[in-house]
Amino acid sequence: MSQVRVRFAPSPTGFFHIGSARTALFNWLYARHTGGVFILRVEDTDQTRNSEEFLNLIYNSLRWLGMNWDEGPGIGGDFGPYRQSERSAIYKEYLERLKAAGRTYEKDGALFFKISGEPQVIEDAIRGRVERTEEKDFVIVRSDGNPVFHFVNVVDDIAMKVTHVIRGEDHLSNTSKHTELFKAFGAPLPIYAHIPLILKQNGPGKMSKRDQGALIEEYQNRGFLPEALVNFLCLLGWSPKDDREKLPIEEVIRLFDLPGINQSNARFDEKKLSHMNMGYLHAMAPDACFAFARDFLAKRKVFGENAPEDAYLREVVLLCQPKIRSFEDLPGFIGYFFSDDYAIDQKAREKVFSKGDPKVRLGELVAALPAADFATDAALEALVQQLAASHGASTGDYIHPARLALSGTPVGPSFYGLLRVLGRDRVTQRLQRFLATA
RNA sequence: GCCCUCAUCGUCUAGCGGCUAGGACAGCGGGUUCUCAACUCGUUAACCGGGGUUCGAUUCCCCGUGAGGGCGCCA
């Protein structure tokens, strides 16, 4: 068996979306699984809708998701060029072959392909035998002289020696046009694998560029982790056949195969993606987590002119890491670490003041601060426990009002970590301010 | 309208003739003598319908129904 050659062939006529990304991913996975070649080919024959900006978006998104291509723009290869807009000489040559075989005719200024009308049968790697008969001749060159998708797509697959065509099910009905052309050129058919489509999370139909949450760029901007998005995409239409879900990409590559792909469409579920992202985020090593967070906060311009010191920011980020689902949550989660100007949640305040003597407890805590050891969470925990024991109170009697006073909110990271990271001065000052105004 | 594909919890899926139909997300309930969006334990919830084939169908076949896609001088 010769080497597997697959291609991802996007057209730069719109933003890069989830469905395209997964098609690319399945091609990439299959290439890596088989030790084959992953080709990137740009289908930019629609000159009125192409844009260089969209093309760059595709390159960037593929790289961000970790899908490196072996042949294609920027890399080269033996079967280039890899942009269809630069391959007109090749199309002309193939067109001549069709003309010479008497398989074309002109009408209304456009060039039509004469179909055979024979039933076209493919053995789809995912769906099995699929038969369809093409009924009408179709245009292969527009009246403006530009060849159309069906023609260039097949010509390039022949010329680039593509062995497996892995694409969305929306192309299944088009396949009879393509096999007609392959046969007209006397070329062997590739192995087809039509993967199920991704349906929009709400409402009918497949996901499109216009749908909420459809764009890859959006997840990048929102601080999602590419590994999480890739893992999620792998599970949309494919599974390892056991109960594992969070899988390293190497493991997916090892297990991935065409017959293991589902036949039915899958609905996109952002909640599950969010959960997957959280799993990856919580597992990040401290250095990586901090680096990602700092970069993300800078892009978001969260601190404006006054960027905090790295050492302090790092403590804050690592303290909050186990509590957030996405870096997107970070700005709203850490504000009070960097500003004394935060609002006190009124509901939480009522709850705190509804029982016991919160002001007395806070007073005791403030009094203990000058001698407290702020070096470790454990030392601070011991302090609060000692305080509680000696005053016949519970640790919660200190923690709840103190958390509210220090952060304004009833939810947040570990309390002792909160004390440690804020530090003695901030804690003292904030508690005193709270007591003075409460 | 014609053609193609698909059909297990709300969602993603495991199952490839005999299972108490499993897992995950979401939901719900409890725990966590520090909250919680984190963690943890538990729990609700599914084989689209009708015919066959078979000793036996979620599983195989047919017909409905439903869902999705294609039928461009878009890709």
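Y94 and F185 are both buried, where buried means under 20% relative accessible area, exposed over 50% and partly exposed in between, with a 1.4 Å probe and protein chains only. The model is predicted, so local features need pLDDT of at least 70 and side-chain atom pairs count only at pLDDT 80 or more, while totals for chains, interfaces and linings use all residues. Residues are numbered from 1 along each chain as its sequence is written, chains are lettered from A and ligands numbered from 1 in the order in which they are written, and side-chain values use heavy atoms, without hydrogens or water.

## Aromatic rings and charges

Rings of Phe, Tyr and Trp (its six-membered ring) count as a pair if their centres lie within 6.5 Å; planes under 30 degrees apart are stacked, over 60 edge-to-face, and the rest tilted. The count of such aromatic pairs is 18. In one of them, the ring centres of Y91 and F151 are 6.5 Å apart and the planes stand at 65°, so the pair is edge-to-face. Y91 belongs to helix α3 (residues 88-100) and F151 to helix α4 (residues 149-159), so this pair ties together parts that are 60 residues apart in sequence. Helices (H or I, at least four residues) and strands (E, at least two) are DSSP runs, numbered from the N terminus. Y91 and F151 are both buried.

The Y94 and F185 rings have centres 5.2 Å apart and planes at 75°, so they too form an edge-to-face pair. Y94 is in helix α3, and F185 is in the loop between α5 (175-184) and β9 (191-195), so the pair ties together parts that are 91 residues apart in sequence. Y91, Y94, F151 and F185 are linked by ring pairs into a cluster.

Charged side chains also meet rings. A charge sits over a ring if NZ of Lys or CZ of Arg is within 6 Å of the ring centre and within 35 degrees of the ring normal. K177 places its charged end over the ring of F138, 5.8 Å from the centre.

The buried residues are T175, S176, K177, H178, T179, E180, L181, F182 and A184. G186 follows α5 and has a positive phi, near 70°.

Strand β8 (residues 164-168) contains H164 and G168. H164 is buried at 3% relative accessibility, and G168 is buried with a relative accessible area of 9%. The side chain of H164 is in polar contact with the side chain of T163, at 2.7 Å. A polar contact is a pair of N or O atoms within 3.5 Å; within protein, one must be able to donate a hydrogen and the other to accept it, and residues adjacent in sequence count only if both atoms are side-chain atoms. From C-alpha to C-alpha, G168 is 24 Å from E118, and the two are 50 residues apart in sequence.

## RNA strand B

There are 63 residues around RNA strand B, and the closest are R127, R142, E245, K323 and T395. Of the atoms of RNA strand B that come within 4 Å of the protein, sugar and phosphate account for 72%. Elements that each supply at least two residues of the surface near the strand are β6 (128-133), α4, β11 (266-267), α9 (270-282), α16 (395-407) and α17 (415-437). A residue is near a strand if one of its heavy atoms lies within 4 Å of it.

| Protein atom | Atom of RNA strand B | Distance |
|---|---|---|
| E169, side-chain N or O | sugar or linking oxygen | 2.8 Å |
| P410, backbone N or O | sugar or linking oxygen | 2.6 Å |
| F415, polar backbone atom | base oxygen | 3.3 Å |

## Cysteines and domains

The whole structure has zero disulfides, a disulfide being a pair of cysteine sulfur atoms within 2.5 Å. For C289, the closest cysteine sulfur is that of C320, 9.8 Å away and too far for a bond. C320 is likewise in no disulfide. C289 is buried, with a relative accessible area of 1%, and C320 is buried at 0%.

Chain A is divided into domain 1 (1-82 + 196-283), domain 2 (286-328) and domain 3 (346-437). These bounds come from an automatic or database domain assignment. Taken over C-alpha atoms, the centres of domain 1 and domain 3 are 48 Å apart.
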